[in-house]
Amino acid sequence: MIAQWFSDKLTYFQIKKLNLILRLGLPLERWLHGILLLLQKELGNIDIEKLRFIILFEADFNWLLKMMFSKRLMSRAIENKTLPQEFFAMKEKSAKDAIITRTLYCDTLRLQHQSFAVVSAYLSQCFDMIGHSQCSLGMQAQGCPIKPITIMLFALQNMNYWIRSAYGDAKTSFSAPSDDPFMGMGQGSGGSNPGCAFTLTPVVNAYKRKGYHATMISAWSRRILLLAALQYVDDTDSVSYTHLTLPTILLV
């Protein structure tokens with residue numbers, strides 16, 4: 001891979017190989033192996049439930065996932081404005097934007113003496129709990145071809161995991177049985193964040209169709225925003241009201 005980076009000819013053959021894989025819709029056999037690594041989320045805390053599982057995929061496989069889903073599909077969804085404004089884990093947005101929006105939302109309702117509630121829900125292990133059928137349908141709804149989706153989901157369902165620790169890599173791997181394959185997108189996958197976003201897009205849109213949203217109007221541009229939740233990866237704030245009439249919030 002390092003040699004390929006410095007050679008136009010090797011890069012040309014690598015791209016031809018990846019394009020052939022995309023046309024066939026089948027992953028390489030070596031892509032079905034990943035190294036499972038445990039990292040400390042809190043410095044000095046080595047309790048098993050406080051460790052973060054990171055999967056090290058094959059470099060060209062993960063690069064393909066980033067290119068197809070994180071860059072191309074996410075960029076297209078943002079340009080076409082098909083991704084709900086509730087998602088802040090995307091380009092040119094951050095968790096700070098979500099926090100500021102929540103603060104403005106709460107402060108404005110307090111000033112208007114409106115009854116409201118904000119439910120802070122933690123989607124624990126969200127990348128590991130995503131159903132592949134729902135993820136596939138969500139990505140296809142964004143215009144993604146079926147074969148790249150098949151490559152990613154087939155590899156994740158049939159992945160052989162090798163645990164890496166301070167004592168080295170495990171000699172044997174573990175995998176899921178054929179009648180109960182793995183789900184989720186995998187921590188560290190280039191398709192994990194898009195998979196989560198496109199899986200939850202129909203859920204957020206369903207909330208809006210049912211009227212479970214706040215109507216927000218910009219004080220300067222008079223732009224109308226419909227907000228059902230505030231989400232950044234696995235941290236979600238769901239907004240709700242205790243009365244039937246939904247208030248109009250003026251954002252300064």
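Trainee: What places Lys 93 over the face of Phe 88?

Mentor: In this predicted model, Lys 93 lies 5.0 Å from the centre of the Phe 88 ring. The distance cut-off for a charge over a ring is 6 Å, with a further limit of 35 degrees from the ring normal. The value of 5.0 Å falls within 6 Å, and Lys 93 is accordingly listed as lying over the face of Phe 88.

Trainee: How many aromatic pairs does the chain contain, and why is the pair of Tyr 161 and Phe 174 called tilted?

Mentor: The count comes to 6 aromatic pairs. In one of them, Tyr 161 and Phe 174, the ring centres are 5.5 Å apart and the planes make an angle of 35°. Pairing requires centres within 6.5 Å, while stacked needs planes under 30 degrees apart and edge-to-face needs over 60.

Trainee: Which residues form a cluster through ring pairs?

Mentor: The rings of Trp 31, Phe 57 and Phe 61 are linked into a cluster in this way. Phe 57 is also one of the residues touched by Ser 189, together with Asn 62 and Leu 65, when residues up to four places away in sequence are not counted.

Trainee: Where is Ser 189, and what makes it a buried residue?

Mentor: Ser 189 is in the loop between β5 and α8. Its relative accessible area of 7% is under the 20% limit, so Ser 189 is buried. A polar atom of the Ser 189 side chain also lies 3.1 Å from the backbone nitrogen of Gly 191, within the 3.5 Å limit for a polar contact.

Trainee: What shows that the buried residues of α2 share a side?

Mentor: The buried residues of α2 include Gln 14, Leu 18, Ile 21 and Leu 22. They cover an arc of only 100° around the axis, so they lie on the same side of α2. Residues three or four places apart in an α-helix point the same way, because there are 3.6 residues a turn. The face turned away from the buried side carries exposed residues, among them Asp 8, Lys 9 and Phe 13.

Trainee: What do the buried residues of α2 pack against?

Mentor: They pack against α1 (2-5), α3 (59-80) and α7 (146-157). Leu 22, one of the buried residues of α2, has a relative accessible area of 17%, which is under 20% and therefore buried. Beyond its neighbours within four places in sequence, Leu 22 is in contact with Leu 64, Met 68, Lys 147, Pro 148 and Ile 151. Leu 22 and Lys 147 are 125 residues apart along the chain, yet their C-alpha atoms are separated by 6.3 Å.

Trainee: Why is Ser 7 said to cap α2?

Mentor: A side-chain oxygen of Ser 7 lies 3.4 Å from the backbone nitrogen of Lys 9, at the N-terminal end of the helix. Just after α2, Gly 25 takes a positive phi of about 75°.

Trainee: Which residue has a positive phi although it is not a glycine, and is it buried or exposed?

Mentor: Lys 81 has a positive phi of about 60° and lies in the loop between α3 and α4 (95-111). Its relative accessible area of 71% is over 50%, so Lys 81 is exposed.

Notes: Residues are numbered from 1 along each chain as its sequence is written. This is a predicted model: local features need pLDDT of at least 70, side-chain atom pairs count only at pLDDT 80 or more; totals for chains, interfaces and linings use all residues. Side-chain values use heavy atoms; hydrogens and water are left out. Buried means under 20% relative accessible area, exposed over 50%, partly exposed in between (1.4 Å probe, protein chains only). Helices (H or I, at least four residues) and strands (E, at least two) are DSSP runs, numbered from the N terminus. The arc is that of the directions from the helix axis to the C-beta atoms. Contact means heavy atoms within 4.5 Å. A polar contact is a pair of N or O atoms within 3.5 Å; within protein, one must be able to donate a hydrogen and the other to accept it, and residues adjacent in sequence count only if both atoms are side-chain atoms.
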